[in-house]
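Please examine the sequence and the structure shown here, and then follow the account below.

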Amino acid sequence: MSFQILHIDACPNWAEAGNRVREAMQSLGSADVEITFRQLTSTTDAMHVPFAGSPTILLDGEDLFPGPEPTSELACRVYATPSGLAGLPTVEQIAEAVKSHEH
(Lines give C-alpha, C1' and ligand atoms only; values in the text may rest on other atoms or scores of the structure.)
Protein backbone atom coordinates (compact mmCIF):
# COMPACT_ATOMS: atom_id res chain seq x y z
CA MET A 1 0.00 0.00 0.00
CA SER A 2 1.56 3.27 -1.07
CA PHE A 3 0.37 6.84 -0.87
CA GLN A 4 1.28 9.72 -3.12
CA ILE A 5 0.21 13.28 -2.46
CA LEU A 6 -0.08 15.40 -5.58
CA HIS A 7 0.18 19.11 -4.86
CA ILE A 8 0.99 22.52 -6.21
CA ASP A 9 3.21 25.14 -4.62
CA ALA A 10 0.38 27.65 -4.14
CA CYS A 11 -1.63 25.39 -1.80
CA PRO A 12 0.06 24.87 1.56
CA ASN A 13 -2.00 21.87 2.75
CA TRP A 14 0.14 19.14 1.18
CA ALA A 15 2.48 18.70 4.17
CA GLU A 16 -0.41 18.43 6.62
CA ALA A 17 -2.06 15.94 4.23
CA GLY A 18 0.97 13.68 4.74
CA ASN A 19 0.71 14.07 8.51
CA ARG A 20 -2.98 13.17 8.45
CA VAL A 21 -2.36 10.10 6.27
CA ARG A 22 0.32 8.93 8.74
CA GLU A 23 -2.02 9.52 11.68
CA ALA A 24 -4.90 7.71 9.95
CA MET A 25 -2.70 4.74 9.13
CA GLN A 26 -1.42 4.59 12.73
CA SER A 27 -5.05 4.49 13.92
CA LEU A 28 -5.57 1.52 11.58
CA GLY A 29 -2.50 -0.26 12.96
CA SER A 30 -0.18 0.42 10.00
CA ALA A 31 2.51 2.75 11.27
CA ASP A 32 5.04 1.89 8.56
CA VAL A 33 3.54 3.43 5.42
CA GLU A 34 5.22 4.88 2.35
CA ILE A 35 4.14 8.41 1.46
CA THR A 36 5.65 10.29 -1.45
CA PHE A 37 4.97 13.85 -2.48
CA ARG A 38 4.87 15.10 -6.04
CA GLN A 39 4.71 18.77 -6.86
CA LEU A 40 2.94 19.53 -10.11
CA THR A 41 4.35 22.58 -11.84
CA SER A 42 2.47 22.63 -15.14
CA THR A 43 -0.84 21.68 -16.68
CA THR A 44 1.07 19.01 -18.60
CA ASP A 45 2.15 17.44 -15.28
CA ALA A 46 -1.46 17.49 -14.07
CA MET A 47 -2.81 15.93 -17.26
CA HIS A 48 -0.76 12.77 -16.73
CA VAL A 49 -1.96 11.91 -13.21
CA PRO A 50 -5.40 11.62 -11.54
CA PHE A 51 -5.20 15.17 -10.14
CA ALA A 52 -8.37 16.74 -8.71
CA GLY A 53 -6.80 19.78 -7.08
CA SER A 54 -4.13 20.24 -4.43
CA PRO A 55 -3.72 18.16 -2.41
CA THR A 56 -4.93 14.98 -4.12
CA ILE A 57 -4.25 11.90 -2.00
CA LEU A 58 -3.60 8.78 -4.06
CA LEU A 59 -3.66 5.27 -2.64
CA ASP A 60 -2.01 2.76 -4.95
CA GLY A 61 -2.42 5.26 -7.80
CA GLU A 62 -6.15 5.96 -7.25
CA ASP A 63 -7.74 9.08 -5.76
CA LEU A 64 -8.65 8.21 -2.17
CA PHE A 65 -11.60 10.59 -2.45
CA PRO A 66 -12.99 10.06 -5.95
CA GLY A 67 -15.62 12.44 -7.14
CA PRO A 68 -14.26 15.57 -8.73
CA GLU A 69 -13.27 15.05 -12.32
CA PRO A 70 -9.52 15.06 -12.83
CA THR A 71 -8.28 18.46 -13.87
CA SER A 72 -5.22 19.86 -15.53
CA GLU A 73 -5.78 23.19 -13.76
CA LEU A 74 -3.23 23.92 -11.04
CA ALA A 75 -5.82 24.69 -8.37
CA CYS A 76 -6.47 24.00 -4.71
CA ARG A 77 -8.91 21.26 -3.73
CA VAL A 78 -11.78 21.56 -1.28
CA TYR A 79 -13.04 18.58 0.75
CA ALA A 80 -16.44 18.22 2.42
CA THR A 81 -15.79 17.51 6.10
CA PRO A 82 -18.15 17.15 9.09
CA SER A 83 -17.37 20.76 10.06
CA GLY A 84 -17.83 22.16 6.53
CA LEU A 85 -15.63 22.67 3.50
CA ALA A 86 -11.91 22.46 4.16
CA GLY A 87 -8.59 22.21 2.35
CA LEU A 88 -8.04 18.69 3.72
CA PRO A 89 -10.09 15.68 4.77
CA THR A 90 -10.05 14.80 8.45
CA VAL A 91 -7.90 11.98 9.83
CA GLU A 92 -11.10 9.99 10.40
CA GLN A 93 -12.22 10.51 6.79
CA ILE A 94 -8.85 9.30 5.53
CA ALA A 95 -9.02 6.20 7.76
CA GLU A 96 -12.56 5.42 6.54
CA ALA A 97 -11.55 5.90 2.89
CA VAL A 98 -8.58 3.56 3.34
CA LYS A 99 -10.82 0.90 4.92
CA SER A 100 -13.30 1.26 2.05
CA HIS A 101 -10.49 1.02 -0.51
CA GLU A 102 -9.32 -2.30 0.95
CA HIS A 103 -12.66 -4.06 0.34
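By the sulfur-to-sulfur distance rule, this predicted model holds 1 disulfide. A disulfide is a covalent bond between the sulfur atoms of two cysteines. Here the partners are cysteine 11 and cysteine 76, with an S to S distance of 1.6 Å. The link between cysteine 11 and cysteine 76 is left-handed, with -100° about the S-S bond. Cysteine 11 belongs to the loop between strand E1 (2–7) and helix H1 (14–27), and cysteine 76 to the loop between strand E4 (62–63) and strand E5 (79–81); the pair therefore ties together parts that are 65 residues apart in sequence. With a relative accessible area of 1%, cysteine 11 is buried, whereas cysteine 76, at 48%, is partly exposed.

The loop between E4 and E5 also holds arginine 77. This arginine 77 has a relative accessible area of 5%; because buried means under 20%, it counts as buried. Its side chain makes a polar contact with the side chain of aspartate 63, at 3.0 Å.

The account now turns to the aromatic rings, of which the structure holds 2 pairs. One of them consists of tryptophan 14 and phenylalanine 37, arranged edge-to-face with 5.4 Å from centre to centre and 70° between the planes. This pair links distant parts of the chain, since tryptophan 14 is in helix H1 and phenylalanine 37 in strand E2 (residues 34–39), 23 residues apart. Both tryptophan 14, at 29% relative accessible area, and phenylalanine 37, at 33%, are partly exposed. Phenylalanine 65 and tyrosine 79 have ring centres 5.5 Å apart and planes at 80°, so this pair is edge-to-face. Phenylalanine 65 lies in the loop between E4 and E5 and tyrosine 79 in strand E5, so the pair ties together parts that are 14 residues apart in sequence. Phenylalanine 65 is buried, with a relative accessible area of 16%, and tyrosine 79 is buried as well, at 5%.

Which residues does proline 55 contact, leaving aside its neighbours within four places in sequence? The contacts of proline 55 are Ile5, Leu6, Asn13, Trp14, Ala17, Arg77, Tyr79, Gly87 and Leu88. Proline 55 itself is located in the loop between helix H2 (43–47) and strand E3 (56–59). Its relative accessibility is 0%, so proline 55 counts as buried. From C-alpha to C-alpha, proline 55 and proline 89 are 9.9 Å apart in space, while 34 residues separate them in sequence.

Key:
Residues numbered from 1 in each chain as written. Heavy atoms only, no water. Helix = DSSP H or I, 4+ residues; strand = E, 2+ residues; numbered from the N terminus. Buried < 20%, exposed > 50% of the residue type's maximum accessible area, 1.4 Å probe, protein only. Contact = heavy atoms within 4.5 Å. Disulfide = S-S within 2.5 Å. Polar contact = N/O pair within 3.5 Å; in protein donor to acceptor, adjacent residues only side chain to side chain. Phe/Tyr/Trp six-rings, centres within 6.5 Å; stacked < 30°, edge-to-face > 60°.
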